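Biologist: Good morning. Could we go through this structure together, beginning with the residue contacts?

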Amino acid sequence: MTKPSDASLTTPSRARFSGTDRYVASRDLEVAVNAAIALERPLLIKGEPGTGKTVLAYEIARALDAPLITWHIKSTTKAHQGLYEYDAVSRLRDSQLGEARVHEVRNYLKPGKLWEAFTSEARPVLLIDEIDKADIEFPNDLLQELDRMEFFVQETGETIRATTRPIVIITSNNEKELPDAFLRRCFFHYIRFPDEDTLRAIIEVHHPGLKPRLISEALRTFLAIRETPGLKKKPSTSELLDWLKLLMVDDVDPETLRENATGKLIPPLHGALLKNEQDVHLFERLAFLSRKEGVR
């Protein structure tokens, strides 16, 4: 099978992404998305969990009015499942039952997400989510298909070829290293944790009209938690938004948060921010030591 010429793929009109009313994108992230689209390379996104890697693909599709195809990777996922799966067991069973459909092999082919993306009428956004969850060979097994934008179906003898390159977004939580050969074919961007001004903009998008004093005290507490030495898991942007929602529902007084900033109290509704017992115990000890120091 020969590599298709450039003429075999339609070059779509230049699409540009600049964030949406629901997604605050930094300038660097906008540049990365648009560079990957222009180069027609997969965009590999890394960053802390909860920084909006997966949501980015949804918002790109929304901004460009493109269909979204999602492939969420698990530890058991194999690369061939993204192409297609052949259900030989069902075909054998149907042959034993004398079913007429057994004579058409296509009845037993289940198209995968790449097949779906390659044959989409409109240029889609294809999300390959958390690629680092799969085994180490998974990315390499997709090299040819993502590079050539085609694959061969052994059971039917046909080649499934994309007429327009999908916009491919690949996310990774850095649980394992990705092969160099795979990285060479991607445009890479690391989503840095937002600064305070960006966090305020994100809060305004998700919780418009929130009292400025509550935002200020909540951010002070949140950022102090993230900077605490010995913390096993730093709370993410999504956890900050969840916490703010709970603070609003419970009508928590900002003064309570200010007291917490002195280290005297564990944060109210801390279960939205601290997600393991080690971190909870750490803050309990810090609060105890702070109160003990204040008694002296």
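Predicted model: local features only at pLDDT ≥ 70, side-chain atom pairs only at ≥ 80, totals over all residues.

Biologist: Which residues have the most contacts inside the largest nonpolar core?

Modeller: Those residues are L114, F118, I128, F138, F151, I170 and F182, and the core has 30 residues.

Biologist: Which elements supply at least two residues each?

Modeller: They are β2, α5 (113-118), β5, α7 (143-148), β6 (150-153) and β8. Helix α5 gives the most to this core, with four residues.

Biologist: How many residues does the other core have?

Modeller: The other core, which lies apart from the largest one, has 24 residues, among them L214, A218, L219 and L274. As a general background, nonpolar side chains tend to be buried together in soluble globular proteins.

Biologist: Let us change topic. How many aromatic pairs does the structure hold?

Modeller: It holds six aromatic pairs. In one of them, the ring centres of W71 and F138 are 5.5 Å apart and the planes stand at 55 degrees, so this pair is tilted.

Biologist: Which parts does the pair of W71 and F138 tie together?

Modeller: W71 lies in strand β2 (residues 68-72) and F138 in helix α6 (residues 138-141), so the pair ties together parts that are 67 residues apart in sequence.

Biologist: Is W71 buried or exposed?

Modeller: W71 counts as buried, at 7% relative accessibility. F138 also counts as buried, at 1%.

Biologist: What lies over the face of Y108?

Modeller: R101 does, at 4.8 Å from the ring centre. Elsewhere, the charged end of R226 sits over the ring of F193, 3.5 Å from its centre.

Biologist: Now the sheet, please. In what order do the strands run?

Modeller: The open sheet has five strands in the order β2-β5-β8-β1-β9, with parallel pairing. Strands β2 and β9 (187-191) stand at the edges with a single partner strand each, so one side of each is left without a neighbour in the sheet.

Biologist: How many bridges join β5 to β8?

Modeller: Four bridges join strand β5 (residues 125-129) to strand β8 (residues 167-172). V125 stands opposite I167 in β8.

Biologist: Which strands does helix α1 touch?

Modeller: Helix α1 (residues 27-39) packs on the sheet and touches β1 (43-47), β8 and β9.

Technical notes
Residues numbered from 1 in each chain as written. Heavy atoms only, no water. Phe/Tyr/Trp six-rings, centres within 6.5 Å; stacked < 30°, edge-to-face > 60°. Buried < 20%, exposed > 50% of the residue type's maximum accessible area, 1.4 Å probe, protein only. Lys NZ or Arg CZ within 6 Å of the ring centre and 35° of its normal. Pairing = 2+ DSSP bridges. Contact = heavy atoms within 4.5 Å. Axes fitted to C-alpha atoms, helices over the stretch in contact; angles between N-to-C directions. Core = buried A, V, L, I, M, F, W, Y, C linked by side-chain atoms within 4.5 Å.
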